[in-house]
Amino acid sequence: MIGAIFEAAMKQGRDDMAWHRLLLGLVSMLALASATLPVPAHAAADASPIAAPADRPFAGTIELEVDARDIRHRLFRVRQTLPVQGPGPLTLLYPEWEPSSHGPSVSVAQLAGLVVRAGPQRLEWRRDVLDMHAFHVQVPAGVDTLEVEFQYVTRAGDALLRADLVVVQWQRLLVYPAGWFARNIAVHAQLSLPPGLKPVTSLQTKVAGEDRLDVAATSLETLLDAPLIAARHLRSLELGQAGQPPLRLQLLAESRQAVETTPQDIARLRGLVGQTHAVFGPAPYRHFDAMVVLSDAFASGGIEHADSAEIYLPADFFRDHAAQLNNLDLIAHEHVHAWNGRARVPDGQWTPTPNLPIRNDLLWVYEGQTEFWGRVLAARSGLRGRQDALDRLALDAAQVQVANGRAWKSLRDTVHDPRYVTGRATIWPEWQRRKDYYTEGVLLWLDVDMTLRERSNGRLGLDDFARRFFAVQAAERPRLYGFDEVCRTLDAVMPLDWSAYLDARLDAHTPVVLDGLARAGWSLAFGPQPSEVFRQHERELAASDLTYSVGMVVTAEGVVRSVLWDSPAFEAGLAPGARLLSLDGAPFSLARLHARIAEDDGRALALDYLLEATRSTATLRYRGGLRYPRLERRPGTPDRLSQLLAGVDTGPASAARK
Ligand SMILES: [Zn+2]
């Protein structure tokens with residue numbers, strides 16, 4: 001999953017309700033409000049009354065009925081019939097962990113109205129004392145099935161349930177019996193939708209009545225990984241390459257204009273798919289639905305699945321291409337996850353049920369390398385022009401360089417962030433760090449790529465690793481891997497002590513990963529003019545990013561969103577949440593602040609500000625003028641970065657299809 005812009009905003013301490021709602025739209029986390037998360041009892045004690053999952057057959061099929069028509073109350077109404085395997089104690093589990101969010105992001109706080117019946121008899125349930133997602137019942141003798149009903153509640157303004165757009169994430173809309181692997185439990189789902197919506201899912205469906213859909217029976221594991229999105233307007237476009245399985249671009253929106261594209265848009269996306277196959281080879285799926293929701297109700301971001309992806313982009317994504325510079329990786333990123341994350345899964349990241357904790361120790365491969373390929377493929381396909389691709393990498397490198405929290409929190413430690421920071425604001429983003437395995441992952445894998453290129457005189461690169469490591473095999477999906485296999489595969493590409501190499505970077509307390517940029521023939525530099533990529537980054541933050549000069553992010557209203565730890569702004573005593581009132585005695589404005597920083601005449605800036613009703617003055621001492629990141633060529637060195645970013649010839653087949 002990636003929600004770069006949302007995460008950037010959370011980094012800047014934006015924590016208002018509008019952003020909460022956007023987050024809810026993406027990952028629906030009412031866990032925001034809860035102070036603590038339940039300890040899974042099955043992990044904590046042998047004496048747990050919750051049966052551990054076993055890889056054994058489950059007799060019968062769970063019938064699931066989801067009614068998504070109560071738009072006024074924003075309620076999903078759920079009814080289930082569960083075959084029981086015998087009398088006695090039974091635990092019903094409500095899913096908690098999502099593989100794509102890498103954390104416990106399904107909140108049972110949104111489940112209400114739970115009633116369990118055996119025929120006419122109501123069975124009282126008791127919630128487990130340790131696991132809030134587990135409900136115990138006693139099944140009477142002679143009972144074959146249980147009927148369960150509940151509601152999944154969302155707030156007005158939450159984006160999952162609207163008259164013109166419904167997002168059905170099955171993990172929020174069912175319970176299942178403890179004691180079996182999710183892949184062994186069959187589920188047959190029926191869905192009622194608001195009138196006239198057009199549904200998309202990677203699962204087989206058939207019409208079962210007006211605005212009623214029948215989803216072919218499948219395993220619980222598959223259902224949880226196959227969301228359904230229905231929208232007023234749908235455009236389906238085939239992007240698959242000759243000789244590869246179908247890949248449908250499914251554009252979903254509340255307005256007709258949002259799904260309109262030009263032939264150039266589609267040619268660029270076909271080019272992207274061609275470049276992706278050139279790196280990874282044959283697709284691991286039989287068909288793939290890239291479900292692109294074009295709506296301003298969601299923050300930009302994506303959620304990966306094995307046979308589909310949920311991709312949330314602004315409504316004007318296709319109409320205002322020039323303003324989308326920082327969204328151009330998203331489709332590439334989520335498609336790459338079909339290989340990196342879904343066909344191949346780090347061994348701690350696959351669990352037999354959605355109620356067992358996920359281990360994220362290889363997220364720097366799962367997300368870090370996917371983010372790297374997003375940058376590279378956006379450049380190779382021409383989705384992002386050469387200068388913009390360089391400027392995007394400059395911003396990545398600047399963010400890595402400035403992350404001084406590495407002094408106490410290594411890249412390796414950031415992989416645990418999804419388990420405890422998701423949904424919570426980060427006050428000092430560079431010092432506390434937040435999911436930096438994305439951005440630092442780009443630089444880490446750039447470093448690996450450049451080491452391969454440097455030592456092989458340009459013959460080898462990360463393409464050679466990806467082709468081997470993600471090669472599709474007949475074996476059952478997913479194929480699990482560990483750190484050793486990553487090192488062995490790199491070693492097969494080029495012999496080196498990769499374990500020591502990677503450990504040194506994962507545990508580093510200095511930004512050694514930036515060495516890769518030097519090997520690439522470039523260095524990070526700063527100049528007084530922001531790039532267009534940087535300007536759009538600021539527009540998405542709705543603030544001026546002065547992190548690389550005085551060390552703070554400030555809105556037009558003077559609200560200090562974040563302060564770089566140990567920066568001039570930090571030394572002046574400023575803290576996030578302060579509201580700047582005046583500068584050198586004149587009313588505060590961003591233009592005045594920029595002008596004073598640019599003057600660089602050695603005079604300190606006098607900033608009056610308000611923080612929690614207390615008025616203070618900060619004396620900000622800084623030299624160096626305005627500073628924005630850019631990349632500069634290192635004279636006399638080979639330009640390996642341009643080799644990496646150059647598109648490969650994807651052959652006459654793909655050219656003909658353009
Ligand atoms: Zn991702």
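The legends below describe close-up views of a predicted model. Residues are numbered from 1 along each chain as its sequence is written, and side-chain values use heavy atoms, with hydrogens and water left out. Local features need pLDDT of at least 70 and side-chain atom pairs count only at pLDDT 80 or more, while totals for chains, interfaces and linings use all residues.

**View 1. The zinc ion is coordinated by His333, His337 and Glu367.** Donors are N, O and S atoms within 2.8 Å of the metal (3.2 Å for Na, K and Ca); water is not among the atoms, so sites may look incomplete. The arrangement is irregular because the four donor atoms subtend angles of 51 to 149 degrees. Four donors count as tetrahedral if all angles lie between 85 and 135 degrees; four count as square planar and six as octahedral if opposite donors are over 155 degrees apart and all others between 65 and 115; anything else is irregular. Along the chain the donors follow the spacing H-x3-H-x29-E. His337 sits in the loop between α6 (330–336) and β22 (344–346), and Glu367, 30 residues apart from it, in the loop between α7 (363–366) and α8 (368–380). Helices (H or I, at least four residues) and strands (E, at least two) are DSSP runs, numbered from the N terminus. His337 is buried, at 0% relative accessibility, and Glu367 is buried with a relative accessible area of 0%. Buried means under 20% relative accessible area, exposed over 50%, partly exposed in between (1.4 Å probe, protein chains only).

**View 2. Residues 327–444 carry the UniProt feature "domain: Peptidase M61 catalytic" (unreviewed entry).** UniProt positions are given in the numbering used here, feature names are shortened, and annotations may be inferred rather than shown by experiment. Over this stretch the chain is 50% helix and 3% strand, with the end C-alpha atoms 21 Å apart.

**View 3. Strand β7 (residues 134–139) is mostly covered, with five of its six residues buried.** Six bridges join β7 to the antiparallel strand β3 (residues 88–93), where Leu90 stands opposite Val137 of β7. Two strands pair if DSSP finds at least two bridges between them. Strand β6 (residues 126–127) also runs antiparallel to β7, through two bridges, and Arg126 has His136 as its bridge partner. A hairpin of six residues connects β6 to β7.

**View 4. An open sheet has the strand order β29-β28-β30-β31.** Its four strands pair in antiparallel fashion. Strands β29 (586–587) and β31 (614–620) stand at the edges with a single partner each, so one side of each has no neighbour in the sheet. Seven bridges join β30 (residues 605–611) to β31, and Leu611 is partnered by Thr614.

**View 5. The largest nonpolar core has 122 residues.** A nonpolar core is a set of buried Ala, Val, Leu, Ile, Met, Phe, Trp, Tyr and Cys residues joined through side-chain atoms within 4.5 Å. Helix α9 (residues 386–402) gives the largest share, nine residues. Among the residues with the most contacts inside the core are Trp373, Leu620 and Leu641. Beyond its neighbours within four places in sequence, Leu641 is in contact (heavy atoms within 4.5 Å) with residues including Leu390, Leu393, Met450 and Trp522. Another core, of 71 residues, lies apart and includes Val137 and Met291.
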